[in-house]
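Visitor: I'd like to learn how to read a protein model. Could you walk me through one?

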Amino acid sequence: MKTVLTIAGSDPTCRAGVQQDIRTLCGFGVLPLCAVTALTVQGRRGVSAVEPVKSALLEKQLDCVLKGTRPHAVKVGMLANAGNIAALLKTIKSHKLENIVLDTVFASSSGHPLLDKKGISAFPRLFPFALVVTPNLSEASIITGMKVRDINGMEKAAYFMRALGAENVLVKGGHLAGAPVDVFFDGRHFYHLSGKRLKATDEALHGTGCMLSSAIAAGVASGKAVLTAVAEAKVYVEGMIRLRKG
Ligand code: PXL
């Protein structure tokens with residue numbers, strides 16, 4: 001059985017974070033492993049508290065779960081702070097982790113920070129190890145310092161992030177003013193992946209980024225090409241949003 005390690009924060013609603021990752025990975029028939037980076041306290045009204053785990057404890061979790069095994073892919077979600085990024089970098093090198101799907105989790109949809117300022121500055125240090133990085137428009141803007149709000153800007157940002165070392169970049173266009181188009185860049189071609197604009201509540205959309213990155217990691221672990229895994233993950237997330245609407 002293929003295995004995917006998720007490194008992410010806990011969301012007690014189970015709609016996002018490590019809980020959502022595990023559900024998604026199981027749905028794709030891969031075996032999840034996990035390491036928890038932080039506890040969040042949240043409910044229907046958003047995040048009310050965040051408690052990062054000590055970086056040494058994150059490192060211990062990773063060393064323990066990786067002893068004697070190398071996952072087929074890794075999904076990285078909420079990291080909380082620069083100390084956890086340093087612990088992850090150390091682990092990536094010591095355990096030679098590959099097929100890393102790096103989700104950019106900077107803040108909750110209600111605006112609560114999920115990665116501190118030093119963490120945001122340190123975040124691009126992970127790019128050279130990422131098979132694919134998956135920012136939305138605001139995360140792409142923060143990383144690149146550009147105002148990313150249209151497809152042209154998404155292409156420029158994707159180019160910039162590949163130059164920072166990511167092998168592939170998926171800039172998610174769910175917050176575009178017009179039709180939702182994602183831009184995928186593999187260093188040679190820009191692919192425009194169009195989706196359907198679904199009418200959904202914030203609650204129904206909560207955690208869909210976690211779902212998408214986990215689904216991509218599951219596809220990659222199963223031997224799919226990154227672009228195929230991305231396309232299939234998009235179809236999966238769309239289906240789940242429809243289900244969540246009831
Ligand atoms: O959806 C981003 C996200 C990721 N991980 C955790 C979260 C959230 C959003 O709230 O709580 C733990």
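Predicted model: local features only at pLDDT ≥ 70, side-chain atom pairs only at ≥ 80, totals over all residues.

Visitor: Which residues in H2 and H3 meet?

Guide: On the H2 side you'll find Ser55, Leu58, Glu59, Leu62 and Leu66. On the H3 side they meet Gly83, Asn84, Ala87, Lys90 and Thr91. Sorted by class, that contact has 4 nonpolar, 4 polar and 2 charged residues.

Visitor: And what is the angle between H8 and H9?

Guide: Helix H8 (residues 208-221) packs with helix H9 (residues 226-244) at about 140°, and the axes are 8 Å apart. Roughly antiparallel would need an angle over 145, so H8 and H9 are oblique to each other. The crossing of H8 and H9 is right-handed. The residues that meet include Met211, Leu212 and Ile216 in H8, and Val230, Tyr236 and Ile241 in H9. By class, the contact of H8 with H9 has 13 nonpolar, 2 polar and 2 charged residues.

Visitor: Next, the cores. How many residues does the largest nonpolar core have?

Guide: The general idea is that nonpolar side chains tend to be buried together in soluble globular proteins. Here, the largest nonpolar core has 42 residues, and Ile7, Leu79, Phe123 and Leu126 have the most contacts inside it. Helix H3 supplies the largest share of this core, 5 residues. Apart from it lies another core, with 25 residues, among them Ala217, Ala218, Ala221 and Ile241.

Visitor: What does Ile7 touch?

Guide: Leaving out residues up to four places away in sequence, the partners of Ile7 include Ala35, Thr37, Val74, Leu79 and Leu88. Leu58 and Leu62 are also among the residues that Ile7 touches, and both belong to the H2 side of the contact with H3.

Visitor: Last one: is Glu232 buried, partly exposed or exposed?

Guide: Glu232 lies in helix H9. Its relative accessibility is 35%, so Glu232 counts as partly exposed.

Notes. Residues numbered from 1 in each chain as written. Heavy atoms only, no water. Axes fitted to C-alpha atoms, helices over the stretch in contact; angles between N-to-C directions. Helix = DSSP H or I, 4+ residues; strand = E, 2+ residues; numbered from the N terminus. Parallel < 35°, antiparallel > 145°, perpendicular 65-115°, else oblique. Left-handed = near helix turned anticlockwise from the far one by under 90°. Contact = heavy atoms within 4.5 Å. Nonpolar A, V, L, I, M, F, W, Y, C, P; charged D, E, K, R; others polar. Core = buried A, V, L, I, M, F, W, Y, C linked by side-chain atoms within 4.5 Å. Buried < 20%, exposed > 50% of the residue type's maximum accessible area, 1.4 Å probe, protein only.
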